[in-house]
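Here's a friendly walk through one protein model. Take a look at the structure below, then read on.

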Amino acid sequence: MTQDDACTDPVDARLAARLAELRAERGWSLGELAERSGVSRSTLSRAERAETSPTAAVLNRLCAVYGRTMSRLLGEVEGEPAPLVRAAEQSVWEDHTGGFTRRSVSPPHAGLRGELLEGRLAAGADIAYDRPPVPGLEQHVWLLEGTLEITVGDVRHALAAGDCLRMRVWGPTRFRCSGPGTARYVLAVVLP
């Protein structure tokens, strides 16, 4: 699937509309949003018109500006959450450029502070987040398969299958899979 094919996905189209809506609700121009997020005006414009699917790093920056977790933002475009989420109904979002796949196992729900995600990073994938979407976000990463290097601030943690890293995120983080295979993990996210 090419980058352009990704934008024909209904979730990508709803995401583009929601991003434009969030900016409009605040009365910001693309230039103002670019200044606040550190994302170029052209990238923002293309994302809001569904000409491209934003990367995980771009979505993270936008979520920080809008005060949302990535899961909450994606949950707003994926439909109403149900108490029981069947495996076949769990939404999947892919950052084709970054080699990252995110399955919303237990999506955000009104009145609940936690959620579960399944993440997959392809060998060689390296995703850096310059800030958390919500300061003080609690995360637990349980590595199921492969190896994964997670850097929190200036501290690097090397995880092997079965390891669990617990953290409260205040600054930059980086997820890197050096391979040889895919890293598959469960991410529990708890709002502060």
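Let's begin with Cys164, which counts as partly exposed because its relative accessibility is 48%; buried means under 20% relative accessible area, exposed over 50% and partly exposed in between, using a 1.4 Å probe and protein chains only. Cys177, on the other hand, counts as buried at 0% relative accessibility. Here are the two side by side:

| Cysteine | Relative accessibility | Class |
|---|---|---|
| Cys164 | 48% | partly exposed |
| Cys177 | 0% | buried |

Before going on, a word on the source: this is a predicted model, where local features need pLDDT of at least 70, side-chain atom pairs count only at pLDDT 80 or more, and totals for chains, interfaces and linings use all residues. Residues are numbered from 1 along each chain as its sequence is written, and side-chain values use heavy atoms, with hydrogens and water left out.

Cys164 is in no disulfide, with the nearest cysteine sulfur, in Cys177, 18 Å away. That's too far for a bond.

Now for the sheet. Helices (H or I, at least four residues) and strands (E, at least two) are DSSP runs numbered from the N terminus, and two strands pair if DSSP finds at least two bridges between them. Six strands make an open sheet with antiparallel pairing, in the order E1-E2-E3-E10-E5-E8. E1 and E8 (164-169) stand at the edges with a single partner strand each, so one side of each has no neighbour in the sheet.

E1 itself (residues 92-95) has Trp93 and Asp95 on its covered face and Val92 and Glu94 on its uncovered one.

Elsewhere in the sheet, E5 (residues 137-145) and E10 (residues 183-190) run antiparallel, joined by seven bridges. Trp142 has Val186 in E10 as its bridge partner.

Finally, the helices: the axes of H3 (residues 30-37) and H4 (residues 41-48) come within 9 Å and cross at roughly 115°. Axes here are lines fitted to C-alpha atoms, for helices over the stretch in contact, with angles from 0 to 180 degrees between N-to-C directions.

Terms used. A disulfide is a pair of cysteine sulfur atoms within 2.5 Å.
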